[in-house]
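The following note is meant for a colleague who is meeting this structure for the first time. Please read the numbered points with the structure in view.

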Amino acid sequence: MDCTLIPKELIIALIPALINSAAIIVVVYLTYFYAVKKLREESFENIERAKYEAILKAHQSVYKLLRFITDTENDDCILVWEEPKGGGEKAYYFRQANIRKFIRELTEEIYNKGNGIFLSKKTMSLIFEYRTLVYGLLLTAKDNPAEAIEITNKKLAKRMIEIHQSLSIQIRKDRNLQQ
């Protein structure tokens, strides 16, 4: 008798075992495939969530700087004004110490904490336009020891107020993140 021939009974007995083994291999492969796919989706969702949280944190952090540029007087505001008793146009003043403090905190928020990378171009543009304006004021008064110095250019003071209003609105829009 030839040893290389496998009896039919043995083949018939092995077929269910082979089918079960093949089914197990297919199930294991599909389980692995879907697990990897789900892991990728979760990783992408985690990255998007982290990005969203960083954007919110950056806007909250920069929003704190609005206390310097507000046109409502407080201890940190840069721009203050005085209305003449007989009427007429307001006289605007700037506080040198608050400009320096604003520039320090702005540098900390934008660069040191890295929040600038998560802000929109429009927000960054408004922030740096304001910074440029107040830095110019600081340079014009570098030899003046007075705490509050009058701003002779009324258009400059009005632009500072406009930037504050625009920036407040823009930060709220950017924070909405519906896109």
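1. The side chains of E105 and R67 meet in a salt bridge, with 2.8 Å from N to O; a salt bridge here is a side-chain nitrogen of Lys or Arg within 4 Å of a carboxyl oxygen of Asp or Glu. E105 belongs to helix α3 and R67 to helix α2, so the pair links distant parts of the chain, 38 residues apart. E105 is partly exposed at 26% relative accessible area, and R67 is partly exposed at 27%. Buried means under 20% relative accessible area, exposed over 50%, and partly exposed in between (1.4 Å probe, protein chains only).

2. The model is predicted: local features need pLDDT of at least 70, side-chain atom pairs count only at pLDDT 80 or more, and totals for chains, interfaces and linings use all residues. Residues are numbered from 1 along each chain as its sequence is written, and side-chain values use heavy atoms, with hydrogens and water left out.

3. A search of the whole structure finds eight salt bridges. R67, D76, K101 and E105 are linked in a network of them. Elsewhere, R159 and E162 form a salt bridge at 3.2 Å, N to O; both lie in helix α5, three residues apart, about one turn of the helix.

4. Helices (H or I, at least four residues) and strands (E, at least two) are DSSP runs, numbered from the N terminus. Three strands form an open sheet in the order β1-β2-β3, with antiparallel pairing; two strands pair if DSSP finds at least two bridges between them. The edge strands, β1 (79-82) and β3 (148-150), each pair on one side only. Three bridges join β2 (residues 91-95) to β3, and F94 has I149 as its bridge partner in β3.

5. Helix α3 (residues 96-112) lies across β2 and β3, at about 55° to β2. Helix α5 (residues 154-176) packs on the sheet, touching β1, β2 and β3, and its direction makes about 65° with that of β2. Contact means heavy atoms within 4.5 Å; axes are lines fitted to C-alpha atoms, for helices over the stretch in contact, and angles run from 0 to 180 degrees between N-to-C directions.

6. Which residues of α5 are buried? Among them are L156, A157, M160, I161 and H164. The cover over the buried residues of α5 includes α1 (8-63), α2 (66-69), β1, β2 and α4 (121-140).
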